[in-house]
Amino acid sequence: MSLSLVGFVYILSIVAFILGLKRLASPKTAPAGNLIGAFGMGLAVLATIVTWSSHGVDVSVRHNLVWIFVVMALASAVGWVLAKKIEMTAMPQLVAAFNAFGGLASAFVALGEVTHAQAHPGIEHITGSVPAVAALSVIIGAITFTGSFVAFAKLQGMINTAPVTFPGIRWVNGALLLVSLVLTVVFATNMDNQGWVWAVLPFALVLGWTATNAIGGADMPVVVALLNSFSGIAASAAGYVTDNEPLVVAGALVGASGIILTAIMCRGMNRTLAHVLFAAFGTADSAGGGGSGAGGPARTVRNFTPEDGAILLANARSVIVVPGYGLAVAQAQHNVRELADLLIAKGVDVKYAIHPVAGRMPGHMNVLLAEANVPYDQLLDLDQVNPYFETADVALVIGANDVVNPSARSDPSSPIYGMPILDADKARNVIILKRSLGTGFAGTDNELFFDPKTMMLFGDAKKTVLALVSEVKAL
Amino acid sequence: MILHLALLSQSPALLYLFIFVLAAFIGFEVITKVPATLHTPLMSGSNAISGIVLVGAILVAGQDETTFGTLLGLLGVFFATINVVGGFVVTDRMLRMFKKDKRSEKGGGA
C-alpha cells in the first residue's frame, strides 16, 4: 500500500470518527454512530499495519508484526472482558481505568519514539519542536495515568475518598510542574541526551497522584472528565511525535469533548474548575456533623409509612421521580421502574428529573435507568423538568439530597449556594426516600426534609420502593 | 494565500498546530449537540477514540532500531488496544439499553 493511499485511508477514518460523534446527538442514531467510530478505528489500524508489510523487506519488522498481533490479541481479550463484565454502576471506574491506559500508552509512544531516534542521532523527525512535544506527551500522559489511577481507586473505594492534602501542597504541585517543564526545555535544547525526557517521568507521575488525591471522592466525575480530555491531548502530542495526522485530529476531538463535559459538570455544581481542583471540598471541617445532620435545634420531620406514600402516589395526576445516587447504590432502579409502570397504568403521568450530577459521572443516572428499561423520553434534564414541578402533585425523591436542597437558591451562607437544583420543593407534595437524616456530600442540612408538605420514608431505598410497589398493587 | 500555504509547508509544526486547532473546533461543535442523556456513552466512546494512539504505538513497536524502543511500543500497543476495544464494546453495550417509550408514541408525549 502506497503512502498516499494510507493517507487517504487515514482521512476516511477521521471522517468516520466525526460522523460517529455526530450521530451521538440522538439515542436513536447513537448505536450506529459508535459502530462507525469503531469502523474508522479499524481502518486506521489496518492501514498502519498493511503499510509496513509492504515495506517489510526487513525480517525484524515481520518479527515485530507477530509480536504486535499477539499483544493486540491479548489486550483485545482483556478489553472485551472488562467491557462485557462491568456493572453499569461501576462505569466511572471503568472510564477512569481506560483513561489511565490511554495516558500510559501515549507516554510509552513518545518515550519509544525518542529511544528509537536516539539510535540514529540527527534523523529528521526528532528535530525542531519534536523533542519538546515528546516531553509534553510524556508529562500529560503520566499525569493522566496516575491521576486516573487515583480517581479509579477513590471511585472504587480502595483508598480514602476524602481529599488528602498537606500544607503547601499547591507549592509542591507547582514545583513539580515547573521542574517537568524546565526538563522539557532542557531536553528540547539538548536532544541527544534522552535521559532528560526520562527525568520528566517521575515528576509528572507524582504530580498526577498528589493533585488528584487532594480532590474529594464526590468531585471525581469532574476529574474523570478532565482526564478524559488530557488523554486526548496526550494522544495528539504523541501524533506529532510519530508524525501521524489521525492521532492529532482524533486526540483534538477527544480533548474538546472532555473539556465540554468538565464545564458541564462544573456548572452543575456551580463551581469553577479551579475550585474543584484546589479547594479540597468536603474536607472534615466543612463536612460538619458527618453522619447526623440533626445536630442543631431539634426540628421535627414527618415520618410516614409506605402505605401513606402509596395512597398519595396512586391518587396523584402527575409524579416526578428525582433519582439520586442512593437509588443506584441500593440497586433499586428496576423496582422504581416497576412502581412507575404501576402508576402509569393507573393514569398517572410520570417523569424522571435528572440532575447533571445525579450519578457518578455525566449522564450516569440516564444509563442506570436505561438499563432498568426506563424509556429515555421519560428522562428530563434540569432545564426541561423544572417548569413541571409547580404543577406536579408529588415529587418522589429517592436517595438524592443536595440536588433538591432549596438552600442552594436561598441561603448565601450555604456551601452549595448558587448550585442549580431541581425544584422538588415547588411540587404540591414531596416524598423523600432516605436511609437516614444524614447530610449530603456538601455536608449541609436540607430544609426540604423539615418542610410540612414533605413525607419522609426512612430505610433502604430498595426495601421502601418494594413496599410502595406492593402497597400500590393492594390499593 | 499562497504565502500562507508556503509557510505551512515550510513548518510541519505549524501545519500540525493548524490541524489540531481546526479539529478541536469541530470537536466543540459536534459534541455540544450531544444531549445530557448520552454523556456517559459519549465519554466512553470518545475515550475509545483517544485509543487512536494505538496507531502511534504500532509505528513505534514496528521499528527495529532498538529493542528497548520496540518494547516501549509494544507496551503502548497493549494499553491502547485495551482502551480501544474496551471503549467501543462498553459504549455499544450502553447505547443498546436506550429505548423509546412505546406508549408515548401514540400518547403524543406528556
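Two strands are said to pair if DSSP finds at least two bridges between them, where strands (E, at least two residues) and helices (H or I, at least four residues) are DSSP runs numbered from the N terminus. This is a predicted model, in which local features need pLDDT of at least 70, side-chain atom pairs count only at pLDDT 80 or more, and totals for chains, interfaces and linings use all residues. Residues are numbered from 1 along each chain as its sequence is written, chains are lettered from A and ligands numbered from 1 in the order in which they are written, and side-chain values use heavy atoms, with hydrogens and water left out.

Strand E4 (residues 394–398) of chain A runs parallel to E5(A), to which five bridges join it, and Val397(A) has Ile432(A) as its bridge partner in E5(A). E4(A) also pairs in the parallel sense with strand E1 (residues 318–323) of chain A over five bridges, with Ile398(A) as the partner of Pro323(A). Five of the five residues of E4(A) are buried, that is, under 20% relative accessible area with a 1.4 Å probe and protein chains only, whereas exposed means over 50% and partly exposed in between. In a regular strand the side chains alternate between the two faces of the sheet. In E4(A), Val394(A), Leu396(A) and Ile398(A) are buried on one side, and Ala395(A) and Val397(A) on the other.

Strand E5 (residues 429–434) of chain A is in turn joined to E6(A) by five bridges, again in parallel, and Leu433(A) is partnered there by Leu457(A). Because four of the five residues of E6(A) (residues 454–458) are buried, this strand is largely enclosed by the rest of the structure.
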